[in-house]
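Reader: I am new to this structure and would like a close look at one part of it, the place where the two chains meet. Please take me through that part step by step.

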2 protein chains.
Amino acid sequence: MKPKAIFYHAGCPVCRSAESAVVGGLDRSRFDVEIVHLGSEKTRVAEAEKLGVKSVPALVLEGGVFHINFGASLADLK
Amino acid sequence: MKPKAIFYHAGCPVCRSAESAVVGGLDRSRFDVEIVHLGSEKTRVAEAEKLGVKSVPALVLEGGVFHINFGASLADLK
């Protein structure tokens, strides 16, 4: 089974740009990539928070949380 | 020729973690990845600044600048 890469976003322009370039640039043969829109899937905000996500867009990969630029804070998505 | 992905960093722990996970996760068959240590290559700070890099670690990819978490501001590397 491939390790998971989860990209949390909120549909913002900063999020879309990061999704296209950074997530789009990942080697899909090595990762199982999941894209989560926290605006539409509000029930997953708590999950993201537990993982250490403070703002979106953020990529959770290999146990690390990588905030990519700044679109919106997680607190504003609750 | 493959498009270029440039990762600017300063050797900090935040930088190393982003390099390992995010840069390490890029599909090398699609990008020509260059890693630039701005602490050792101070002459390239101006180049990074011109591209829009404000802090390290940052990944310049597909014309966009993606600041990944925060290690150090570019101003502190001059």
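Reader: How many salt bridges are there between chain B and chain A?

Author: The count between chain B and chain A is 0 salt bridges, a salt bridge being a side-chain nitrogen of Lys or Arg within 4 Å of a carboxyl oxygen of Asp or Glu. This is a predicted model, in which local features need pLDDT of at least 70 and side-chain atom pairs count only at pLDDT 80 or more, while totals for chains, interfaces and linings use all residues. Residues are numbered from 1 along each chain as its sequence is written, chains are lettered from A in the order in which they are written, and side-chain values use heavy atoms, with hydrogens and water left out.

Between chain B and chain A there are 10 residue pairs in polar contact, both residues being at pLDDT 80 or more (a pair of N or O atoms within 3.5 Å, one able to donate a hydrogen and the other to accept it, where residues adjacent in sequence count only if both atoms are side-chain atoms). On the side of chain B that touches chain A, at least two residues each come from α1 (13-25), β3 (55-61) and β4 (64-73) of chain B, and α1(B) gives the largest share, 7 residues.

In all, 19 residues of chain B are in contact with 19 residues of chain A, contact meaning heavy atoms within 4.5 Å. A rotation of 180 degrees with 0.0 Å of shift along its axis superposes chain B on chain A, with an RMSD of 0.0 Å (by least squares on the C-alpha atoms of residues with pLDDT of at least 70 in both), and that is the relation of a two-fold axis. The same surface serves both copies, since 100% of the contact residues of chain B recur in chain A.

Terms used: Helices (H or I, at least four residues) and strands (E, at least two) are DSSP runs, numbered from the N terminus.
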